[in-house]
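Dear colleague,

Please find below the structure that I am handing over to you. My findings follow directly after it.

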Amino acid sequence: MNESILSVEHLTKRYGENTILEDVSFSVARGEVIVIVGPSGCGKSTLLRCLNALEPIQGGEIRLDGETVDSGAKDLTRLRQRIGMVFQSYELFPHMSVLNNILIAPVQVQKRDREEVKAEALELLERVGLSAKKDAYPRELSGGQKQRVAIVRALCMHPEVLLFDEVTAALDPEMVREVLDVILDLAREGKTMLIVTHEMSFARAIADRVFFLDNGGIVEQGKPADFFDHPQTERARQFLRTFEFESVK
Amino acid sequence: MNWEFIIKYLPLNRKAAWLTLRLGLLGIALSTLIGLFCAAVRYYRIPVLHPLVRVYIEISRNTPLLIQLFFIYYGLPKIGIPTDPASCGVAGLSFLGGSYMAEAFRSGLESVEAIQTESAYALGMSRFQTLRFIILPQAAAVSVPAFMANVIFLLKETSVFSAVSLMDLMFTAKDLIGLYYKTTERLFLLVAFYLVILLPVSLLGTVLERRLRYAGSGT
Amino acid sequence: MPDLGLEVLLKGKNLVRLLGGLWTALRISLLSVAISLPVGVVLGVLMTRNNRFVKALLRLYLEFIRIMPQMVLLFIVYFGSTRAFGWDVSGETASVVVFTLWGAAEMSDLVRGALTSIPRHQYESAEALGMSRLQTSIFIIIPQTVRRLIPLSINLVTRMIKTTSLILMIGVVEVLKVSQQIIEANRMSSPNAAFGVYLSVFLLYFLACWPISLLAGRLEKKWS
């Protein structure tokens, strides 16, 4: 593997008395795709939110290429530009057209040339099959379309790491595929990604490593084939069983 | 209906209407400034100011303008704060309107969900950029209906000015009713003037509301 | 300590008189609320029916009442109707008429809003359970509507109370009129009475409206 780009050491996250994450450590290599699975409430989403400092942490350290990510960091906005994030609920800006949603951050935050970013945005929209929708408003798009725009919006910032937080959980089943295909494509390109998902066959296909998170800690991790076919812990086996149905006939 | 009377007194009425409108607009402008300030204080929970603003809003919303005006106009001079009818009217209207505007703006700000802010942060925007590009445009669109309703409400409240002997629409009406007893004509003028002032504002509100409805309507 | 003119209130029956004046205003607003609530409910339900003529008529009524300052409405009823019809209306009667007309208009709009805000599928799922129209209304629609309405109608009460301060202008002897009388009577002995007396009236109105507003806010939060 290549050198590590993101490292997490002894991360602890609490809400008041409630411990969400405890002593979580791992590191991510450049170009690696990590899929995080686990039962709801296990802290998967919180972990992603900590990685770009949307949540203050109570212990440990997160480093991006050696620089500390912390909600109090002085150049937090600069660090966040290097970490893209896509949310479950898309969070496009409802008062802006698709194109402006994509352009606003590169132009206003990174001060890049509007025309240059626009050319790039159009190319990316073309790639995800949405160039016809560049002037549409978010309310005119389907869930799957909104999510693909959200991915393009994150990509246009040229992030070094991409975080996907259950990006298909709010979608109708027939739209899940169009979004996952885009993410698979990014994996082929060698993007570094951390993906929280409930789509197990997708996880298996895309992951370099799978983390199984439960009760605020990484209980098990390994290559997808190992994890899905030979889970080591009882908790992981139990979790994976919930995705299977036994025939009643 | 005696049209001669109406035509004869139209100029007097026009002057009064103009005065009412001017004081009303000034009061509304000040109300808007007070409202923006108070809404910002409440939204960001600025210490010390936050509870003070809440007290102001409760007092302002739970007392009638007429009583506020009487206190300002007749009460304040007794402790050495001189007031004249015009500034008293504007002060009263702003004191009243500030709290209504604050609530309109605050509900606009709070209608923008926290995760919108987070997604702006995730794109590397600063707090100021997030406020300017993401929160304010959405909040403004949501606030427009309440803002327009407040404008109409405050313009209507200007009718109360006459109680502190302002030379406005209501006062000329009351005066003339006493003087000439042309009640029907006077009331007709009064209704006509408030319709002329308020109907366009009301229509503008409806149009604006319709045009701005896109924001906040589903992400 | 400057003379704030507060001692006037303790003189003789001044405080009692002031409270009596406030009661006149409160009585008028409570009476108007009592009449306008049922009338408003009926009008509100009518507004959701599909009769175009009735709808247009009610809309016109609502818009006119809404756009006219309450003071203008008071003048129309008090000065205008006496002249037009030649009858003799007392200030109190005129006030109750105006506040009822106004309250019913506002209430009808609240009822209409509450009824139309209940999503279609609430009706449909009640139907799907085999309920009759009457049963749907009684068990499903009315309880939800009432919850939305109660805080809003309580708010209407405070608006009504605040607006009754205007009846001074058509000669009803209420709290401001009593204040003027007290200030006038004590002009020599306490020249600063205007400050103390009007401050007291200010606080009295606040004490009358604030608890009601708090209640409305509490209920709104609880039921939203």
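Predicted model: local features only at pLDDT ≥ 70, side-chain atom pairs only at ≥ 80, totals over all residues.

The contact is built from 31 residues of chain B and 33 residues of chain C. On the side of chain C that touches chain B, the elements giving two or more residues are α3 (70-85), α6 (133-163) and α8 (193-223) of chain C. Of these, α8(C) contributes the most, with 11 residues. By residue class, that side of chain C comprises 24 nonpolar, seven polar and two charged residues.

Chain B also meets chain A, where 22 residues of chain B are in contact with 22 residues of chain A. Two helices of chain B, α5 (114-122) and α6 (127-157), each supply at least two residues of the side of chain B that touches chain A. The residues on that side divide into 11 nonpolar, 10 polar and one charged.

Chains A and C, by contrast, do not touch. A distance of 20 Å separates their nearest C-alpha atoms.

As regards chain A itself, its secondary structure consists of nine helices and 10 strands. The radius of gyration of chain A is 18 Å, and the globule rule gives 18 Å for 249 residues, so chain A is as compact as a globular protein of that length. Taken along the principal axes, the box filled by the C-alpha atoms of chain A is roughly 55 × 55 × 35 Å. Of the 249 residues in chain A, 45% are buried. If one considers the contacts in chain A between residues at least 6 apart in sequence, 64% of them join residues at least 24 apart.

Finally, I would draw your attention to one residue of chain B. B:Phe193 is located in helix α8 of chain B, which spans residues 183-211. Is B:Phe193 buried or exposed? A residue is classed as buried when 20 or more other C-beta atoms lie within 10 Å of its own; B:Phe193 has 21 C-beta neighbours inside 10 Å and therefore counts as buried. In sequence, B:Phe193 is 131 residues away from B:Asn62, and the C-alpha atoms of B:Phe193 and B:Asn62 are 29 Å apart in space.

With kind regards

Key. Residues numbered from 1 in each chain as written. Chains lettered and ligands numbered in written order. Contact = placed C-beta atoms within 7 Å. Helix = DSSP H or I, 4+ residues; strand = E, 2+ residues; numbered from the N terminus. Nonpolar A, V, L, I, M, F, W, Y, C, P; charged D, E, K, R; others polar. Buried ≥ 20, exposed ≤ 12 C-beta atoms within 10 Å, placed from the backbone. Rg over C-alpha atoms; globule rule 2.2 N^0.38 Å.
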